[in-house]
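Subject: Structure handover

Hello,

Here is the structure you are taking over. Please look through it first; my notes on it follow.

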Amino acid sequence: MLLTLFPFLFTLALTFSRVSLVGGLHLSFAGLGNWYRLLTDPRFWTTLGNTVVIVTGAVSLEVVLGFGLALLAYRPLPGGAFFRVLFIIPMALTPIAVGYIWRMLLNETIGPLNALLQIVGLPPLGWVSGERLPLLSMILVDVWQWTPFVFVLCLAGLQALPEELWEAAQLDGASGGQTLRYVVFPLMVPTLLTAAFLRAVEAFKIVDVIFIITGGGPGTRTESLTLHAYYRGLHAFDLAYGATIAFALFLLVLVASLAFLRLTRRLRATEVWA
Amino acid sequence: MKRRPPALAYGILGVWSVIVLFPLYWLVTASFKDALAVHQGPKFLPWVDFRPTLDAWRNLLLGVERETIYGPLLNSIVIGSSSSLLAMAMGASAAYGLARLRVRLGPLANEDVLFWIVSQRIMPPIVTALALFLLLRTVGLLDTRTGLVLVYVAFNLPLATWLMHNFFRQVPASLEEAALVDGASRARALWHVVLPVSIPGLVATFLFCFLFAWNEFLFALILTFSRARTLPILIAAQHTQRGIEWWSLSAMSLITLAPVVLITLLLQGYLVGQVLGGGER
């Protein structure tokens, strides 16, 4: 507790300070200087935009894919256990190693993705050097690693649904698609929202795979807020300003979380939740 | 269930399996390539379009690079297991207290305390990492195993508490009450009755904490440089050297990933058990 609360307050203090490390640690009050600098720092806005794009893109894809795959895999079907185990594996893998694997795959000259594109007659793509594609590549990697998380939660949610539900719907003459849309989906909304929320909280912190694959480049096109804070804090050794970026990220996640909790409370009130 | 054509279902599941497996396949084959096979453009099939070699593995395990990987590997094992043991023990105690005793902290009751513990994950690690850098620097724990262990315990404690809390809720309180009625002290009841039935939960909690500590990157990056650096830092450091030696880096990655995959397979039963158990609650 001391180890998380104290650093947290210390970071807050740093955002209003100037730091000097010459002959021990010295802090001096700097007022709102760091915060003013943050708001006028174009790189902050770029990395904020990158982070938000990655979070929204990756999380929505993960929810759709994870739910879809769970729908296919949750019923007893021959070989089902194999798929369930296999699909879980990526999310346990060391993110740095995953980043490195994808660095190989996305490599534009010696990587296999462009080679496969050429085999089917398509031009090679600038996975990590293009204008907008690098950010999409980061989303791709996140989707590969974290769709399993949504998959597991959906699997649990689906298995918690009563067996009779399907039969009742079928007796009422509902088709597979109708059952899914009007019976299963509404019941799964809480699970899907929770999965999206937990994933979003984690995705806001994204840094490892970007650090390995592009280092934030080309330029700052894939730099996330955490990476920006790290570069400012420990490469440029401007700890006070790095702390300010980090704290801004925290405020962002906090506001997003509170908005989410309010949304679910409203849903609960309107009985969609049941 | 619905009359979905199983062929289509299998087709989609198969496609996703390929998507999951291909990157791992690429990693494994890359560790058996030499410089030529890597730089001549992508080679897909061993023995067909490149000649597999054990050079990378030999160098890493027996040869010149042994020194490079030995330190970080040992650090990862020591830091991972000791921090997970501590987090597990402390988390279990906290969770037991929360599950069995009524805790009041002003207006906060048990559920709020638990929520507060869990909500710490909302805070991005970079927020504390920069401050911890200064703190550990001040007390001289920067680039030490002790420093990283302390940080990982703090980082894993919410998770451990939450997992053990879920677990203790499923253990009927009547079990210890019976022991207490029989005249056992609370300590004896804990040691001889609660602990034995909690072992599966403790093991799972340990493994989850170990996974997080083993995989963690940002704290290790900021708080270690040479003596205490872990495997992820070793892998990350490779791309600052002149050119990347893909083959040896692939072998290093596989060594890093092996225990992780093993733990996942072990935990899979627990996950499914929890998943199925969740349906009955």
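Start with B:Asp55, which is partly exposed at a relative accessible area of 40%. (Buried means under 20% relative accessible area, exposed over 50% and partly exposed in between, with a 1.4 Å probe and protein chains only.) B:Asp55 sits in helix α3 (residues 55-61) of chain B. Helices here are DSSP runs of H or I with at least four residues, strands are runs of E with at least two, and both are numbered from the N terminus. Between B:Asp55 and B:Asp34 there are 21 residues in sequence and 7.4 Å in space, C-alpha to C-alpha.

Some conventions before the rest. This is a predicted model, in which local features need pLDDT of at least 70 and side-chain atom pairs count only at pLDDT 80 or more, while totals for chains, interfaces and linings use all residues. Residues are numbered from 1 along each chain as its sequence is written, chains are lettered from A and ligands numbered from 1 in the order in which they are written, and side-chain values use heavy atoms, with hydrogens and water left out.

Chain B as a whole: it has 12 helices and zero strands. Of its 281 residues, 51% count as buried. Among contacts in chain B with a separation of 6 or more, 73% join residues 24 or more positions apart; contact means heavy atoms within 4.5 Å. Chain B exposes about 13500 Å², and carbon and sulfur atoms supply 68% of that area. (Areas come from the Shrake-Rupley method with a 1.4 Å probe; for residues, only the protein chains shown count as cover.)

Next, the aromatic rings. The whole structure holds 29 aromatic pairs over all chains. Rings of Phe, Tyr and Trp (its six-membered ring) pair if their centres lie within 6.5 Å; planes under 30 degrees apart are stacked, over 60 edge-to-face, and the rest tilted. One of the pairs is B:Phe155 with B:Phe219, edge-to-face at 5.8 Å centre to centre and 80° between the planes. B:Phe155 lies in helix α7 (residues 145-170) and B:Phe219 in helix α10 (residues 218-223) of chain B, so the pair ties together parts that are 64 residues apart in sequence. B:Phe219 is buried, at 4% relative accessibility. Ring pairs also link A:Phe82, A:Phe83, A:Phe87, A:Phe151 and B:Tyr10 into a cluster.

- The peptide bond from A:Gly217 to A:Pro218 is cis, with omega near -5°. A:Pro218 is in the loop between α10 (208-213) and α11 (225-235) of chain A.
- A:Phe237 has a positive phi, near 55°, and is not a glycine. A:Phe237 lies in the loop between α11 and α12 (239-269) of chain A and is partly exposed at 41% relative accessibility.
- B:Asp143, also not a glycine, has a positive phi of about 60°. B:Asp143 is in the loop between α6 (125-139) and α7 of chain B, and is buried with a relative accessible area of 5%.

I have left the volume calculations out of these notes.

Regards
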